[in-house]
Amino acid sequence: MKIGEAQQIYRQQVQSYRKESEAVSKQLAQVQTKMKYASKEDREHYKSEAATLELTLEALDDQKSEYEAYLERLSEQYCAHWNKVADQQQKEAAKQYARDLGKIMEVARRIMRGDIVPASDEKKLMDFNREMYQTAKNIGSMVQREKRKKYDSLWGDEETKESEDPKEAAQNAHAGSEGPQIVDAADTIASVPGASLQESNSTD
């Protein structure tokens, strides 16, 4: 499973469990209020109901905590993949800058010798440093040659590379270890002893 997909699934699980926990907490508060004003006989019934609701809350919180811990691990993996791709791009950008700088200096040298270079190479030199370009042109125009060399573009043989998006790379990376089993919040509630009985009582 991809990291991005896993994050989406487990975030939804956490949200679902939070929603259920809020509902059970509300029920528990209502039962505790009833218990304060109930007769001795009814109070025992409410005590049992409150205990079941507390167990249900605990089960929901335990499962939610497991999902949150896994989400934290996914987040660490996501950041690691993002940083790896970003670092590679920065290194490649630095190498490319050094290569381009070397070519720009060579274009300036050729122009100063009075040789003919492609207009695209002249433009790259001008975009890089207008003053350097003008100086090279002025020196080149003073050089008298019977036969001037004509060059192809220094950038002509390069293909444009598409940079990988670090965010996309991180989302599409493999999530690694398998995440916790996906359990519906209703199933977690039903697994608590007495919870199904409690649910039917609360709907009455």
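**Entry 1. Arg99 and Glu92**

I looked up the pair Arg99 and Glu92 and found that their side chains meet in a salt bridge, at 2.9 Å from N to O. I count a salt bridge when a side-chain nitrogen of Lys or Arg is within 4 Å of a carboxyl oxygen of Asp or Glu. The model is predicted: local features need pLDDT of at least 70, side-chain atom pairs count only at pLDDT 80 or more, and totals for chains, interfaces and linings use all residues. Residues are numbered from 1 along each chain as its sequence is written, and side-chain values use heavy atoms, with hydrogens and water left out.

For exposure I use relative accessible area: buried is under 20%, exposed is over 50%, and partly exposed lies in between (1.4 Å probe, protein chains only). Arg99 has a relative accessibility of 36% and therefore counts as partly exposed. Glu92, at 33%, is also partly exposed.

**Entry 2. Other salt bridges**

I searched the whole structure and noted 10 salt bridges. Side chains of opposite charge can pair when their charged atoms come close.

Lys123 forms a salt bridge with Asp127, with the closest N and O atoms 2.8 Å apart. Both belong to helix α3 (residues 119-128) and are four residues apart, so about one helical turn separates them. I take helices (H or I, at least four residues) as DSSP runs, numbered from the N terminus. Lys123 is partly exposed at 47%, whereas Asp127 is exposed at 53%.

I then noted a network in which salt bridges that share partners join Glu106, Arg109, Arg110, Arg113 and Asp115. Within helix α2, Glu106 and Arg110 are four residues apart, about one turn of the helix. Their side chains meet in a salt bridge at 3.1 Å, N to O. Are Glu106 and Arg110 buried or exposed? Both are buried.

**Entry 3. Helix α2**

I checked the length of helix α2, which has 73 residues (40-112). The expected span is 1.5 Å times one less than the number of residues. Gly114 follows α2 and has a positive phi, near 85°.

**Entry 4. Nonpolar cores**

I define a nonpolar core as a set of buried Ala, Val, Leu, Ile, Met, Phe, Trp, Tyr and Cys residues joined through side-chain atoms within 4.5 Å. The largest such core has 26 residues, and those with the most contacts inside it are Tyr10, Tyr17, Val24, Leu60, Tyr67, Leu74 and Ala175. Two or more residues come from each of α1, α2 and α6 (185-190). Which element gives the most to this core? It is α2, with 10 residues. A second, separate core of 10 residues includes Ile104, Leu125, Tyr151 and Trp155.

I also listed contacts (heavy atoms within 4.5 Å), not counting residues up to four places away in sequence. Tyr17 touches, among others, Leu60, Tyr67, Val183 and Thr188.

**Entry 5. Helix α1**

Ser21 lies in helix α1 (residues 3-37). At 8% relative accessibility, Ser21 counts as buried. Beyond four places in sequence, Ser21 touches Leu57, Leu60 and Asp61.

Ile9 is also found in helix α1. Ile9 is partly exposed at 32%. With Met1 and Ile182, Ile9 makes a nonpolar surface patch of about 250 Å². For such patches I take residues with over 30% relative accessible area and no salt bridge, joining nonpolar side chains (Val, Leu, Ile, Met, Phe, Trp, Tyr) within 5 Å and like charges within 9 Å. Accessible areas come from the Shrake-Rupley method with a 1.4 Å probe; for residues, only the protein chains shown count as cover.
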